Amino acid sequence: SVDEMMQTLSAIAEFRRDRGIDRILVDSRNRRGQPSLRDIYRGGEALARALGSAARIAVLVSAHAAGHTLFEYVAANRGTNVAYFQQEDPALRWLL
């Protein structure tokens, strides 16, 4: 749900702020359902607003969600370094 997505974004922003970490791996492969396009767009905007351009975020997604890159594009177009991955190893390499 959009509420869960916003709670996750808030937790990531708080974690980053409290620990000074700029490279973040998010595992969303077990997420069920698909938010609406509007909610995905809003989530990408919220991520960019919360984390800015200094953070680098790798998001692990299921094969089902791999083609749903609107969130990634919206955040990236606002200056946030974010990318989707289906496998953890390439995501970790990208974060380095």
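So, where does Ser28 lie? Ser28 is in the loop between strand S1 (23-27) and helix H2 (37-51); helices (H or I, at least four residues) and strands (E, at least two) are DSSP runs, numbered from the N terminus.

Quick housekeeping. This is a predicted model, where local features need pLDDT of at least 70 and side-chain atom pairs count only at pLDDT 80 or more, while totals for chains, interfaces and linings use all residues. Residues are numbered from 1 along each chain as its sequence is written, and side-chain values use heavy atoms, with hydrogens and water left out.

Okay, back to Ser28. Ser28 counts as buried because its relative accessibility is 18%; buried means under 20% relative accessible area, exposed over 50%, partly exposed in between, with a 1.4 Å probe and protein chains only. Its side chain gets to the backbone oxygen of Leu60 at 2.9 Å. Setting aside residues up to four places away in sequence, Ser28 touches Val59, Leu60 and Val61, with contact meaning heavy atoms within 4.5 Å.

Next up, Arg16, which sits in helix H1 (residues 2-19). Is Arg16 buried or exposed? Arg16 counts as buried, because its relative accessibility is 17%. The Arg16 side chain makes a polar contact with the side chain of Asp22 at 2.9 Å; that's a pair of N or O atoms within 3.5 Å, and within protein one must be able to donate a hydrogen and the other to accept it, while residues adjacent in sequence count only if both atoms are side-chain atoms. Beyond neighbours within four places in sequence, Arg16 contacts several residues, including Ile24, Ala50 and Leu51.

Last one: Leu70 is in helix H3 (residues 70-77), and counts as partly exposed because its relative accessibility is 30%.
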